Amino acid sequence: MRVFNFAAGPATLPLEVLEQAKAELLDWQGSGMSVMEVSHRSKPFVALAERAESDLRELMSVPANYKVLFLQGGATGQFTAIPQNLAAADSVADYINTGAWSKKAIVEAKRFCKVNVIADEAASNYSTVPSATSLKTTAGAAYLHYTPNETIGGVEFPYIPQSDAPLVADMSSTILSRPIDVSRFGLIYAGAQKNIGPSGLVVVIVRDDLIGKARAGTPPIWDYAAMAKENSMLNTPPTFGIYMAGLVFAWLKRQGGLEVIGERNRIKANKLYAAIDGSGFYRSPVARECRSWMNVPFTVPNPDLEKVFCSEAAKAGLTNLEGHRSVGGMRASIYNAMPIEGVDALIAFMGEFQRRHG
Ligand code: PMP
């Protein structure tokens, strides 16, 4: 039986996509092989990869002066690829720290360049983001890095930061959740395992003028110029991941694109936050103006009830509601592939749980 899977990533995928993958698993496009067994240099696979890229470009309205790369090493790999490609060793990169993932990006960048943390939300226990007007960027910085959506804390920027330097965004847990203006960014990256497909693939969307500046010694698989030159096939790419991403992009297009998906996500998030706020029992630790549409942490008055909540929810077919091990509580990740019915089922369960334990 399929459950409603609220995991933060790897996360639920659209049922239609899984069914298509299942239907063509043993014989992809009449090849008599699964897509996993096909050469990445073969015409049909190259066509698949090109289609995946063009669908992603169409969905996000990626301008022509940006490259779309399908890479490996996850978003974590990009934490180190970004400074190697965009910053000289003696230059400064600005970072905004809004939680666990920003922090990891900062730690990695410090190994490659000077890092100026221009805003740090540690003091608020990562329950909010800095105001747009409080950001004081460094003159001559190589770039400004931020995490538009913190997957663990459930904190999301309601605005796009301004900087004279190229803006770099870790969109792992928010990419494709609604329309965005790609032209505001120098580089966008996202691990696939939330809104794109299976883990093992990371998407990088990078403006042309930022390519070709990798410092000496950067390994070719981390060098955007080398990867762009080879259409992300400098070495064997994660073929099954690219195939699944392509199916997800096609599914998103069938849904009506990011306007429609964004509206659906807004409704899902609003319903869940309204249920939390109106309960007098559940509580959101995140400031209202920066609550994530994708990752919704919440608590119950008595932490002893957390385990009970999660195990009873799992029995009711609502799984993976445990908060991240570093913060506790509960967290419902409601990415694109989580249907409204899944959120409705969670809200109904929360009401019923409160009646029994509140
Ligand atoms: N950044 C964010 C915002 C994430 O949510 C994650 C993974 N949950 C990562 C980076 C790390 O991604 P990966 O495990 O693909 O390296």
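Helices (H or I, at least four residues) and strands (E, at least two) are DSSP runs, numbered from the N terminus. The model is predicted, so local features need pLDDT of at least 70 and side-chain atom pairs count only at pLDDT 80 or more, while totals for chains, interfaces and linings use all residues. Residues are numbered from 1 along each chain as its sequence is written, and side-chain values use heavy atoms, with hydrogens and water left out.

**View A. Ser61 in the loop between helix 2 and strand 2.** The loop that holds Ser61 runs between helix 2 (43–60) and strand 2 (66–71). Ser61 has a positive phi, near 45 degrees, and is a residue other than glycine.

**View B. The cis peptide bond from Gly9 to Pro10.** Omega of this bond is near -5 degrees. Pro10 belongs to the loop between strand 1 (4–5) and helix 1 (15–23).

**View C. Helix 1 against helix 6.** The two helices pack at an angle of about 135 degrees, and their axes are 9 Å apart; axes are lines fitted to C-alpha atoms, for helices over the stretch in contact, and angles run from 0 to 180 degrees between N-to-C directions. Helix 1 is therefore oblique to helix 6 (angles under 35 degrees count as roughly parallel, over 145 as roughly antiparallel, 65 to 115 as roughly perpendicular and the rest as oblique). Glu16, Val17, Leu18, Gln20 and Ala21 of helix 1 meet Tyr243, Met244, Leu247, Val248, Trp251, Arg254 and Gln255 of helix 6, where contact means heavy atoms within 4.5 Å. Eight nonpolar, two polar and two charged residues make up this contact (Ala, Val, Leu, Ile, Met, Phe, Trp, Tyr, Cys and Pro count as nonpolar, Asp, Glu, Lys and Arg as charged, and the others, Gly among them, as polar).

**View D. Helix 6 against helix 7.** Helix 6 (residues 239–255) and helix 7 (residues 258–279) have axes 7 Å apart and an angle of about 85 degrees, which means that helix 6 is roughly perpendicular to helix 7. From helix 6, Trp251, Leu252 and Gln255 meet Val260, Ile261 and Arg264 of helix 7. The contact has four nonpolar residues, one polar and one charged.

View E. Of the area that domain 1 buries against domain 2, 25% comes from Ile152, Arg178 and Gln255, more than from any other three residues.

**View F. Helix 8 (residues 304–315) with helix 9 (residues 340–357).** The axes come within 11 Å and cross at roughly 130 degrees, so helix 8 is oblique to helix 9. The crossing is right-handed. Residues of helix 8 in the contact include Leu305 and Phe309, and those of helix 9 include Phe349 and Arg356.

Key: Left-handed = near helix turned anticlockwise from the far one by under 90°. Buried area = accessible area lost by both parts, 1.4 Å probe.
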